[in-house]
Amino acid sequence: MSDVVAQQVKEQEPEVDLVKADQVIDKYIDLPGNLMPVLQGIQDAYGYIPRKVADYVAERLNVYPSQIYGVLTFYAQFHLKPRGRFIIRVCVGTACHVQGAQRIKETFFNLLHIKHTETSADLRFTFEEVACLGACGMAPLAMVNDDTYGKMTVQKVDEIVAKYSAIPLD
Amino acid sequence: MVNLTIDDKQVTAPKDSTIYDAAKLNGIKIPILCHDKKLKPFGACRMCLVEIEQMKGRQIPACTTPATEGMIIRTNTPDIIKARKLVLELLLLNHPLDCPVCDKGGDCDLQNLTYDYELNSNRFIDSKFQHEIDYNNPLIERDMNRCVLCGKCVRICDEIVSYGALTFIDRGIETKIGCDFEKPLDCEFCGSCVSVCPVGALLARPFKHKARFWALTKHNSVCGYCGTGCNLTLGVKDDKVLTTVYDENQGFHKGQLCVRGRFGYQFINSEKRLTTPLIRKNGRLTEATWDEALEIVAGRLKGGTAVAALATPRLTNEELSLFKKMMLENVGSKNYDHSAGYAHRALTEGFASSFGSSASSASIPDIQKSDLLLVIKTDSYETHPVIGFEINMGVKNKGIKLNILSDKRGKLSKLPGANTLVHIPGTEVAVINALCKSVIDQKLADPSVASLPGHAELIKALSDFTPETIAAVSGLTVEKINKLAADYAAAEKAMILFPTGLGYAGHAADLARAVANLAILTGKLGKEGCGVLCLSEKNNSQGAVDMGFYPQDGGDNALQILDACSAGTIKTLLIAGENPVTSYPDNAKVKAALDAVEFLIVSDLFMTETAELADVVLPACSFAEKEGTYTSTDRRVQHVKPAINKIGQSRSDFEIISSLIVKLGGTPPTTPAAQFSEITANTPGYEGMTYATLGNEGAFAPVSIQPVFVVPVAAQVPAAQGKLALVTGSVLYHNGTLSQHGEGPVHVCPEAYVEISRSDAGRSSIIDNDLVTVTSENGSLQLKAKLSIRIPEGVVFIPYHFPAAPVNMVWSGSAVTMVSLSK
């Protein structure tokens, strides 16, 4: 797609900052089969895939918007709604389950009032139940972004929420 | 060829066939849901499983497996039947069994297979899907609960239509077909997805609950809209055309249709059709008998040269040639024309002078055989959508290089590798001259053409059209012009396409000459996949030219006829099917002429804006009610037969003209077939044709070419001076003013609009749907604004089909009309 059209799409949606999208697209524009890396890059840049950015990617890569949506809904790794700055993952697999994962999950809910795949209104936390995080020896297990918390207890839940609530959102 | 054994039968099949193709070719039926011969193999439904001995009896899909030498295949072992039954059981688990109210009943692949496999119970239990049904558009209903996920709709929309409206959403058991972000369907509405859907998931809403499939009688016909000449199957019940029926074996286009062909048929049985002749008495049109009306008309036609006629190129060849004969022999006037002259100037003035033949040198099937296409003016997918599909398929499947030279962008610009050159409106002839100049300067011209007549004059004239000069005028770059010229000249087979018609006035004849020069210079003529194809607007535009229904030997052309009406020298004007008030340029002038003419006779299907001014209105009938032939834009002569009886007292124009000839003392031919044999005797290329030899697919009238160089005159484009260039033309959903009476097109595109670039709109703070006034030297017009990314800055586009907002209020008919916008 020409840069003229791309420019005009940009003007159409002034409220979405497309600079970050441009940076990602420019990086991969000449790569054959660039849709996946572009979408992954977009998700890294925005935290999720905004609809307008998806349309913009469609224009610039000259792919049908429907095709992009097909890819976005096929892969679990893409998110179409804004996600929290901190993604809390609580394992509810067999080992964690017998070690009381249910209690851990409920405690998070009581503190944050968000259920599976939900995001807090301030976009600080997203909560996810996952089937296994691959460290059953540390059950019950939770992760916040890339930090791992093994042998979880109800007290540790309070500490984790307090710790991540104290970090300022940028 | 490969030899293989299917169900103990020795068969042979072409080397590139799949097992499914090989079986089908040899009359062995393998059940399938997801396969369409026009689409690439997909292998989604698992109904076509077969066993191959060499693969130790494994079950593999026949539709994706290539047939190889010596294969031994079984298509109906007990194991296979069991597997297919399982597939059906699983599909029927979630598919609602609402067959009694489903429009697909009787034509449903799933229903038929369930019947074939005698599946009367299901071993599994699950809940049905609970998807919301998409009723948001008037033409296509999407009920995803009935979907079997064969993906044909997704694939046809991508592979052939190239719109890409649909996709698979989510995955696994949750998978469904839908649009991006699950929005309602809002597309071209060509209905290709409906035509291939094996179940009732995609249905044509205008046909909903009108008739069961088996109650329809199917009549082969030819689409009555554009010049592509697509074949149609009309579904008729109780003497009414209720739908168009998809037939994948029909025509060069394999049953593919556009929104007009598929959904625009409702005008045939419209409530608004004229059913009796009308005569103006005391200022009001009142019902009359045919005898009364014809008597009056015949009396008026005895005026010799004070009589003139305008006919629509939607009439059959028989009607046009008889009409011309009546004008010459019984009336004694040479003043007859069609489509304001714009539909035929490219052919009769342009091609006739350059090629010595008033027809295109290429045909539609040449498109897919070419190596390079140069599509000029607006995107042909919009004027001739089915030709657009051919281009899509050529570019995507055969790697044809696509070059577009236009004043705006469109869908074709998005095809892979498409090279779009957007030029300033009105400069196309200059740009093509510059391409010729560039071909010569780069020494890429065919050396043998130097001896052709007019070569020296052309070389001399082209000195004014150096790429450098033209780049400045047209808004293109020298590099782009030189590269396109080099690519075109270097391609072994290259073809040029450009549209003509009422919306594409200005310099159609010069455009034809210019492209002819380019094709002659580079030797791109007379070979398969080469040549120039002028896309005519109406279904019989080429026929009207072949029949000679345009001014010759000093006869007045359409615009001169209107001038003569105003001046009082023409006293009687007979208009058959034309609607000049809406479609001819300069509305005020047209109306004044029709008011001034002493006696106006209009024969039409509808009470058009022109018919309202008439003294006598004669009810004519549509293509579905008459017999005759149409000649498509690439000179395919096709035979139409009546599918229904004539509505009310309407008569075909053939009958009307015949009766008038009798009243004028002549002897007309008894049937259209008799007139056709006269045509074949007198029309070059039509020799030897009869209704019988035309068959269902028609026959090509060959075109012989004697190339000559003719210097085209490039239009002077007025300086913008802060104004915008008005481009008019066809919009995808309409064709002429007839589609105004087809419910389908009108539902999707109900009114005129002015399409403007975002930057021009921003400058005047215009937003979507704002009412804006478009003003030119001719007048002004209020229209809704439509902001668009395809329109370049400095250009506005207004479609011309709409009587309620006639673009001819502002459009002068010259190459470029400059307009200004205000809110």
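Q: Two strands pair if DSSP finds at least two bridges between them. In this predicted model, over how many bridges do strand E15 (residues 307-311) of chain B and strand E16 (residues 336-338) of chain B pair?
A: E15(B) and E16(B) run in the parallel sense. One of the links sits at B:Ala311, with B:His338 as the bridge partner in E16(B). Pairing needs at least two bridges, and the count for E15(B) and E16(B) is three.

Q: Which residue of strand E22 (residues 572-576) of chain B is the bridge partner of B:Ala311?
A: E15(B) also pairs with E22(B), again in the parallel sense. Five bridges hold that pairing. At B:Ala311, the partner in E22(B) is B:Ala576.

Q: Are the residues that point either way from E15(B) buried or exposed?
A: B:Val307, B:Ala309 and B:Ala311 point one way from the strand, while B:Ala308 and B:Leu310 point the other way. The cut-off for a buried residue is 20 or more other C-beta atoms within 10 Å of its own. Five of the five residues in E15(B) pass, so the strand is mostly covered. On both sides, then, the residues are buried.

Q: How are helix H8 (residues 317-331) and helix H21 (residues 653-663) of chain B oriented to each other?
A: Their axes are 9 Å apart and the packing angle is about 20°. Angles under 35 degrees count as roughly parallel. That's why H8(B) and H21(B) are described as roughly parallel.

Q: How many nonpolar residues does the contact of H8(B) with H21(B) have?
A: The two helices make a left-handed crossing. H8(B) brings B:Glu318, B:Glu319, B:Leu322, B:Phe323, B:Met326 and B:Asn330, and H21(B) brings B:Asp653, B:Phe654, B:Ile657, B:Leu660 and B:Ile661. By class, one residue is polar and three are charged, while the nonpolar ones number seven.

Q: Which helix gives the largest share of the side of chain A that touches chain B?
A: The contact between the chains takes 16 residues from chain A and 14 residues from chain B. Helix H1 (3-12) and helix H5 (65-74) of chain A each supply at least two residues of the chain A side. That side divides into seven nonpolar, seven polar and two charged residues. Its largest share, eight residues, comes from H5(A).

Q: What share of the 170 residues in chain A is buried?
A: Chain A has eight helices and four strands, in the order α-α-α-α-α-β-α-α-β-β-β-α from the N terminus on. Its C-alpha atoms fill a box of roughly 60 × 30 × 25 Å along the principal axes. Among contacts between residues at least 6 apart in sequence, 60% join residues at least 24 apart. As for the buried residues of chain A, they make up 29%.

How values were computed:
Residues numbered from 1 in each chain as written. Chains lettered and ligands numbered in written order. Predicted model: local features only at pLDDT ≥ 70, side-chain atom pairs only at ≥ 80, totals over all residues. Axes fitted to C-alpha atoms, helices over the stretch in contact; angles between N-to-C directions. Parallel < 35°, antiparallel > 145°, perpendicular 65-115°, else oblique. Left-handed = near helix turned anticlockwise from the far one by under 90°. Contact = placed C-beta atoms within 7 Å. Nonpolar A, V, L, I, M, F, W, Y, C, P; charged D, E, K, R; others polar. Buried ≥ 20, exposed ≤ 12 C-beta atoms within 10 Å, placed from the backbone.
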